[in-house]
Amino acid sequence: MKTPRALGFRMPAEWEPHRATWLAWPHNLTDWPGKFAPIPWAFAELARALTRVERVRLLVASEAMEVRARRYLQKAGAELTRIDFVRAATNRSWTRDFLPLAVVRDAARGVELGAVKWRFDGWARYDDHRLDEAAGKSVAARFARRAWEPGVVLEGGAIEVDGEGTLMVTEECLLTGPYPRAAELGRAGVERALSDYLGVDKVLWLPAGIAGDDTSGHTDDFVRFVAPGRVVLCRESNPRDPNHRTLEAAREHLEGVTDARGRHLELIPLPMPAPLYFDGQRVPASYANFYLANELVLVPTFNDPSDRVALGTLAELFPARAVIGIHALDLVLGLGTLHCSTQQEPLPGYELPRRTDQKQSKPAR
């Protein structure tokens, strides 16, 4: 079977139009020990915001779970007519990492949709991941006419793409950390797999991820593309915080590289909230875990003075989208927030945006 790249497919950027966003109704109490009660409300609020601008496809394990979810969603004001309840059991609710990654192919009448289902192994840490893996395969078969399984371990939160051939990932996550996903492939083998299955032309390797991240270096906790050639990168101002050195190393690296089209990257700082701990463990609170929905930017907030700065920065970067803060102080205790909880399904048949290499203006600061 030919690879997606051989057939002309590529992974689109998150800001390209969506047909839907995939969520999984939360149910694993061990992810939020003693703090589960507010979590369904957090997901209901997320769904409420999403149904304003696109469909939501919600994974539920049973009819009883669907009934419970509907109760929360209705009370939160979500538009139930824009929610598809999809029956599939899961271990957890982090759809970013176990659902397939969508690829698209430019066609005469718009875009053809495909799905790449990478292998999910519970972030190489958790044994209870088989339901998530099975759910991902089921979704791949359901929403795409073409589906591929590379047989390589990779989570969606580990990578960041610009839709024009550039991908960012950390060495810690895939190659060198304590839980490497694809060390057996080596750097060249990983790059070949990303090229073959996501249509990537250039991989930008960053050293490591932030403190408290149990995924061992996911990019969506600290560095994100916001347009071709433009990147938001978290900045930790406290030199005693372990994230300071990590984020400075990432900045220094990105200042010295170009993307797949030869552009030097414009780096825009995004603040970090004050460190958060739960039961003595640091959690990966970060504004970089935002999600780009149709017409919206959904941003995790933490009752922190930097909330305002982060929301303002992203509002300047996305002037055509409403920027909405979603309270994530409880959600992050499960070691993830908004981006981790979502997976976009691109919109087949839309007219492709005209590509341009023209440098965009910087936001006012």
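This is a predicted model: local features need pLDDT of at least 70, side-chain atom pairs count only at pLDDT 80 or more; totals for chains, interfaces and linings use all residues.
Student: Let's start with helix H1. What makes H1 largely enclosed by the rest of the structure?

Tutor: Count its buried residues. Buried means under 20% relative accessible area. Nine of the 12 residues of H1 are buried, so H1 is largely enclosed.

Student: Which residues of H1 are buried?

Tutor: They are Ile39, Pro40, Ala42, Phe43, Ala44, Leu46, Ala47, Ala49 and Leu50.

Student: What do the buried residues of H1 pack against?

Tutor: Their partners are strand S2 (18–24), strand S3 (55–60), helix H2, strand S16 (291–293) and strand S17.

Student: How do you know that the reach of H1 is close to the expected one?

Tutor: Set the two values side by side. From first C-alpha to last, H1 reaches 17 Å, and 16 Å is expected for its 12 residues at 1.5 Å a residue. Helix H6 (residues 186–198) can be checked in the same way: its 13 residues reach 18 Å, close to the 18 Å expected.

Student: Why is H1 called oblique to H2?

Tutor: Take the angle. H1 and helix H2 (residues 63–76) pack at about 60°, with their axes 9 Å apart. Angles under 35 degrees count as roughly parallel, and roughly perpendicular begins at 65. About 60° falls between those limits, so H1 is oblique to H2. The crossing is right-handed.

Student: Which residues meet where H1 and H2 pack?

Tutor: H1 brings Pro40, Trp41, Ala44, Ala47 and Arg48. H2 brings Tyr72, Leu73, Lys75 and Ala76.

Student: On to the nonpolar cores. Which members of the largest one touch the most other members?

Tutor: That core has 87 residues, and Leu58, Leu59, Leu73, Phe222, Leu254 and Leu298 touch the most other members. Its largest share, seven residues, comes from H1 (residues 39–50). Apart from it lies another core, of 27 residues, among them Leu154, Leu167, Cys173 and Leu194.

Student: What does Phe222 touch?

Tutor: Leave out residues up to four places away in sequence. Its contacts then include Thr170, Leu206, Ile210, Val232, Leu233, Leu247 and Ala288.

Student: Why is Leu338 called buried?

Tutor: The limit is under 20% relative accessible area. Leu338 has 1%, so Leu338 is buried. Its place is in the loop between strand S18 (322–327) and strand S19 (343–346). Beyond four places in sequence, Leu338 touches Leu46, Asn289, Leu298, Val299, Pro300, Ile326 and Leu331.

Student: Why is Arg245 called exposed?

Tutor: Exposed means over 50%. Arg245 has a relative accessible area of 70%, so Arg245 is exposed. Arg245 lies in helix H7 (residues 242–255). The C-alpha atoms of Arg245 and Val297 are separated by 28 Å, and the two are 52 residues apart along the chain.

Student: Why does Arg5 count as partly exposed?

Tutor: Arg5 has 35% relative accessibility. Buried needs under 20% and exposed needs over 50%. The value lies in between, so Arg5 is partly exposed. Arg5 sits in the segment before strand S1 (9–10).

Student: What is Arg5 in contact with, leaving aside its neighbours within four places in sequence?

Tutor: Its contacts are Ser195, Asp196, Gly199, Val200 and Asp201. Ser195 is one of the buried residues of H6.

Student: Which phi value does Ser216 have, and where is Ser216 placed?

Tutor: Phi of Ser216 is near 65°, a positive value in a residue other than glycine. Ser216 is in the loop between strand S10 (202–206) and strand S11 (223–227).

Student: Is Ser216 buried or exposed?

Tutor: Its relative accessible area is 1%. That is under 20%, so Ser216 is buried.

Student: How do you know whether Asn303 is buried or exposed?

Tutor: Asn303 has 60% relative accessibility. The limit for exposed is over 50%, so Asn303 counts as exposed. Phi of Asn303 is also positive, near 55°, in a residue other than glycine. Asn303 is found in the loop between strand S17 (296–301) and helix H8 (306–317).

How values were computed:
Residues are numbered from 1 along each chain as its sequence is written. Side-chain values use heavy atoms; hydrogens and water are left out. Helices (H or I, at least four residues) and strands (E, at least two) are DSSP runs, numbered from the N terminus. The expected span of a helix is 1.5 Å times one less than its number of residues. Buried means under 20% relative accessible area, exposed over 50%, partly exposed in between (1.4 Å probe, protein chains only). A nonpolar core is a set of buried Ala, Val, Leu, Ile, Met, Phe, Trp, Tyr and Cys residues joined through side-chain atoms within 4.5 Å. Contact means heavy atoms within 4.5 Å. Axes are lines fitted to C-alpha atoms, for helices over the stretch in contact, and angles run from 0 to 180 degrees between N-to-C directions. Angles under 35 degrees count as roughly parallel, over 145 as roughly antiparallel, 65 to 115 as roughly perpendicular and the rest as oblique. A crossing is left-handed if the near helix is turned anticlockwise from the far one by less than a right angle, and right-handed if clockwise.
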